[in-house]
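Have the sequence and the 3D view side by side as you read.

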Amino acid sequence: MAKRNRNEYDNDVVFEDYFPSMVEKLGAEGFVNELCKGFCLLMDREKGAITFESLKRNSSVLGLSDDELRSMLRAGDLNGDGSLSQMEFCVLMFRLSPHLMNRARMSIA
Ligand SMILES: [Ca+2]
């Protein structure tokens with residue numbers, strides 16, 4: 001019986017550990033696409049943005065405490081509306097990984 005290995009977003013995936021190998025594998029453009037998928041997983045579907053509540057629902061996946069979730073929100077919330085838009089989320093993820101940012105800039109430019 002052939003087994004398909006498509007469940008890359010299972011609960012045991014740790015985001016930060018996953019980044020470098022993902023960029024290797026996907027290239028910067030593919031990495032951004034994966035970020036967008038990550039955003040869709042984490043966002044509040046009614047608001048279309050990541051909120052503290054929507055992060056909290058996924059806190060077991062992220063492995064972060066309430067305080068860490070709050071500081072993640074604060075760090076990424078550029079316009080101060082208390083939630084992360086898709087753009088803010090991508091910017092935050094890149095900021096959390098400075099060397100990835102450099103590589104992405106090189107391949108996008
Ligand atoms: Ca915001």
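What follows covers the overall layout, the confidence, the core and a few individual residues.

## Ground rules

This is a predicted model, so to speak of local features a pLDDT of at least 70 is needed, side-chain atom pairs count only at pLDDT 80 or more, and totals for chains, interfaces and linings use all residues. Residue numbers start from 1 along each chain, following the sequence as written.

## Overall layout

The protein has six helices and zero strands, with helices (H or I, at least four residues) and strands (E, at least two) taken as DSSP runs numbered from the N terminus. Read from the N terminus, the order of elements is simply α-α-α-α-α-α.

Of the 109 residues, 12% are buried. Here a residue is buried if 20 or more other C-beta atoms lie within 10 Å of its own, exposed if 12 or fewer, and partly exposed in between, with C-beta atoms placed from the backbone. Two residues are in contact if those backbone-placed C-beta atoms lie within 7 Å. Among contacts between residues at least 6 apart in sequence, 41% join residues at least 24 apart.

The mean pLDDT (the predictor's confidence in each residue, from 0 to 100) is 78, and 70% of the residues reach 70 or more. Among the elements, helix 2 (residues 52–57) has the highest mean pLDDT at 94, while helix 6 (residues 98–108) has the lowest at 59. Over residues 2–13 the pLDDT is below 50, and this stretch has five contacts in the model beyond near neighbours in sequence. Where pLDDT is low, the predicted coordinates should not be read in detail.

Which residues make up the largest nonpolar core? The eight are Phe39, Met43, Ala49, Ile50, Leu55, Leu84, Phe89 and Met93. A nonpolar core here is a set of buried Ala, Val, Leu, Ile, Met, Phe, Trp, Tyr and Cys residues joined through C-beta atoms within 7 Å. Ile50 is a handy one to click on: leaving aside neighbours within four places in sequence, Ile50 is in contact with Phe39, Leu42, Met43, Asp44, Leu55, Ser83, Leu84 and Phe89.

Helix 5 (residues 86–96) has Glu88, Phe89 and Met93 buried. Seen down the axis, the buried residues of helix 5 fall within an arc of 135 degrees, so they line one face of the helix; the arc is that of the directions from the helix axis to the C-beta atoms. On the other side of helix 5, Met87 and Arg95 are exposed.

Lys37 lies in helix 1 (residues 15–42). Lys37 counts as exposed because 11 other C-beta atoms lie within 10 Å. From Lys37 to Gln86 is 49 residues in sequence, and 9.9 Å in space, C-alpha to C-alpha.

Asn58 sits in the loop between helix 2 and helix 3 and is partly exposed, with 17 C-beta neighbours inside 10 Å. Not counting residues up to four places away in sequence, Asn58 touches Leu41 and Leu42. Ser59 is in helix 3 (residues 59–62), and is partly exposed with 13 other C-beta atoms within 10 Å. Leaving aside neighbours within four places in sequence, Ser59 is in contact with Leu64 and Leu69.
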